[in-house]
2 protein chains.
Amino acid sequence: MADITAEYLTCPIRNVISRFGDKWSMLVLYSLHTSETGILRFNELRRHMTDCSQKMLSQTLKNLEQSHLVHRKVYPEVPPRVEYSLTDTGKSLMPTVMALIAWGKEHFNEVVTDGGY
Amino acid sequence: MADITAEYLTCPIRNVISRFGDKWSMLVLYSLHTSETGILRFNELRRHMTDCSQKMLSQTLKNLEQSHLVHRKVYPEVPPRVEYSLTDTGKSLMPTVMALIAWGKEHFNEVVTDGGY
DNA sequence: TAATTCGGTAACTTTTGGGTACTTTTGTAA
DNA sequence: TTACAAAAGTACCCAAAAGTTACCGAATTA
């Protein structure tokens, strides 16, 4: 996730990939996008993605925050409360992400058939 | 890339991600899509993606072939000749991929600023 | 008196990614 | 005749990333 090659600094594809092309980022974006209020707390996200460990979720959120796609709001309470939501940049990405998901649904069979697993 | 969880078998996001959410797949798809004939040989692809090693390119192409996004045509010659092109499924994905790239170009600055690297 | 909640982190193991060198067969150049 | 180049990869090894498990600290809940 840390590429310093000249290619990476100027290529939009490489840039996009390095920001949310990992295993969990899109699921976070999707969860926030489709939630009622657009806001989810850490453990709410966990319940949306039960196969993602705490560590990976926290790492993913940190990346998304650094990429300015997700906003992190901390309430200094006990027990702690942290609310995650999409930034405007994050929101601007969602139509494309939803298109990608729609493609995935439509072409699920063509792509799954005998390939992996 | 080999996920057997129930989530992965039914979730289109996870499915999409596992097919071409890696570092090089989208660059291959893009290269094929934007090439004049829609056909590229192995070493032509290499020259399009100079920061991708032979091994990773060959691995990426194998994945894309198994996912039925890329077609591989071998000519039994010496030296060997192998031509890669998009399948119909692969072609159907390109509008979305190009939209993603367009987003990347437009929001490059917002996303790069101080985040990664 | 536990147990649970919440949002993580530290330490550790496993899996994946990535680089370098090498292969094979033929044609070409020295 | 020897040597090299081309093509499309593979084998081997190490580094990096992903993933697992245990744990934290204060406050409510049972």
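Which elements of chain A and chain B each supply at least two residues of the surface near DNA strand C? In this predicted model, they are helix 4 (42-48), helix 5 and strand 3 (81-86) of chain A, joined by helix 5 of chain B.

**DNA strand C**

Around DNA strand C there are 19 residues, and the closest of them are A:Asn43, A:Gln54, A:Arg72, A:Tyr84 and B:Lys55. By residue type, the surface near DNA strand C divides into eight nonpolar, five polar and six charged residues.

**DNA strand D**

DNA strand D is surrounded by 20 residues, with A:Lys23, A:Lys55, B:Gln54, B:Arg72 and B:Tyr84 as the closest. The surface near DNA strand D draws at least two residues from each of helix 5 (54-66) of chain A and helix 4 (42-48), helix 5 (54-66) and strand 3 (81-86) of chain B. Its residues comprise nine nonpolar, five polar and six charged ones.

| Protein atom | DNA atom | Distance |
|---|---|---|
| A:Tyr84, side-chain N or O | phosphate oxygen, DNA strand C | 2.5 Å |
| A:Val82, backbone N or O | phosphate oxygen, DNA strand C | 3.3 Å |
| B:Trp24, side-chain N or O | phosphate oxygen, DNA strand C | 3.4 Å |
| A:Trp24, polar side-chain atom | phosphate oxygen, DNA strand D | 2.8 Å |
| B:Asn43, backbone N or O | phosphate oxygen, DNA strand D | 3.2 Å |
| B:Gln54, polar side-chain atom | base oxygen, DNA strand D | 2.6 Å |

B:Gln54, whose polar side-chain atom lies 2.6 Å from a base oxygen, is also one of the residues listed as closest to DNA strand D.

**Chain A as a whole**

Chain A contains seven helices and three strands, which follow one another from the N terminus in the order α-α-α-β-α-α-β-β-α-α. Of its 117 residues, 47% count as buried, while its accessible surface comes to about 6,100 Å², with 54% of that area belonging to carbon and sulfur atoms. Among the contacts in chain A with a separation of 6 or more, 47% join residues 24 or more positions apart.

**A residue in strand 3 of chain B**

B:Ser85 lies in strand 3 of chain B. Because its relative accessible area is 16%, under the 20% cut-off, B:Ser85 counts as buried. Beyond its neighbours within four places in sequence, B:Ser85 is in contact with B:Leu32, B:Gly38, B:Ile39, B:Leu69, B:Val70 and B:His71.

Note on methods:
Residues are numbered from 1 along each chain as its sequence is written. Chains are lettered from A and ligands numbered from 1 in the order in which they are written. This is a predicted model: local features need pLDDT of at least 70, side-chain atom pairs count only at pLDDT 80 or more; totals for chains, interfaces and linings use all residues. Side-chain values use heavy atoms; hydrogens and water are left out. A residue is near a molecule or strand if one of its heavy atoms lies within 4 Å of it. A polar contact is a pair of N or O atoms within 3.5 Å; within protein, one must be able to donate a hydrogen and the other to accept it, and residues adjacent in sequence count only if both atoms are side-chain atoms. Helices (H or I, at least four residues) and strands (E, at least two) are DSSP runs, numbered from the N terminus. Ala, Val, Leu, Ile, Met, Phe, Trp, Tyr, Cys and Pro count as nonpolar, Asp, Glu, Lys and Arg as charged, and the others, Gly among them, as polar. Buried means under 20% relative accessible area, exposed over 50%, partly exposed in between (1.4 Å probe, protein chains only). Contact means heavy atoms within 4.5 Å. Accessible areas come from the Shrake-Rupley method with a 1.4 Å probe; for residues, only the protein chains shown count as cover.
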